[in-house]
Amino acid sequence: MRIGLLGPPGAGKGTQAVTLAEKLKLPHISTGDLLRKNVASDTVLGRQAKDYMQRGALVPDDLVTNMLFEKIAQAEAQEGFILDGYPRNPAQAEALDRVLKEKGASLDLVIYLDTSEKVIIQRLSGRLVCRKCAAIFHRQNMPPKINMCCDHCGGQLYHRSDDKEETVRERLKVYRRETASLIDYYQAKQKLYQVKADEDAGIVLDKMLMLIEKYYDSPKV
Ligand code: AMP
């Protein structure tokens, strides 16, 4: 199963991808998480990406694409993956199609998490992320059991610097300008499935699981 998640920042891609990956026993590949790890470890890539990320801009395609393709080539991703945060523009979508085609594969389905701006702002302003394992929490919607401490690994939680209001507005602009056209891109390939994603994470997850089950159970031409 090769499943892509599409949607604006705050749509819940990261939260849903983690749970889906666990349930489907597939690796979760998040380009945002991979980039943040590179920034935290101060690698060459991290140094190149940092400024773009802080501004809420997209990191240049070649940097992200090389990083992602290395990940997709690893043994654990051969049976499939849940992809979160890539592609972010048509050039990335075409690059992904090409690299999968070389393996005789393609994305099976792309789930578009359709989310209102009000919910996006509410989610991002309260989002907390674990420094150690990148698990996602929310001050109100999904608070950790112990204040600022990850339920899964005990790591310290932090508020992403690009989740501050002014950067969120920039990221939403970038999404509309560069990424939103991918809805049409995947629709034209008959791979797009839309899920209304304003509701609680558990409800959205159930809708996604039903859709995935239906997709893989239906005969393919
Ligand atoms: P995310 O965690 O998906 O919200 O990504 C955080 C930031 O990482 C984005 O605002 C971009 O600066 C960068 N980023 C993540 N994925 C990509 C991508 N596919 N292409 C370019 N930049 C990306």
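A residue counts as near a molecule or strand if one of its heavy atoms lies within 4 Å of it. With that in mind, look at the ligand: it has 16 residues around it, and T31, R36, A57, G85 and Q92 come nearest. This is a predicted model, in which local features need pLDDT of at least 70 and side-chain atom pairs count only at pLDDT 80 or more, while totals for chains, interfaces and linings use all residues. Residues are numbered from 1 along each chain as its sequence is written, and side-chain values use heavy atoms, leaving out hydrogens and water.

Who surrounds the ligand? The shell holds seven nonpolar, four polar and five charged residues (Ala, Val, Leu, Ile, Met, Phe, Trp, Tyr, Cys and Pro count as nonpolar, Asp, Glu, Lys and Arg as charged, and the others, Gly among them, as polar). Helix α2, residues 31–40, gives the most to this shell, with four residues; helices are DSSP runs of H or I with at least four residues, strands are runs of E with at least two, and both are numbered from the N terminus.

Now zoom in on single atoms. A polar side-chain atom of T31 sits 2.8 Å from a ligand nitrogen, and a side-chain N or O atom of R36 is 2.9 Å from a ligand oxygen.

Next, find the open sheet, where three strands line up as β6-β5-β7 with antiparallel pairing; two strands pair if DSSP finds at least two bridges between them. The edge strands, β6 (136–138) and β7 (157–158), each pair on one side only. Strand β5 (residues 127–130) is joined to β6 by three bridges, and V129 stands opposite I136 in β6.

Terms used. Polar contact = N/O pair within 3.5 Å; in protein donor to acceptor, adjacent residues only side chain to side chain.
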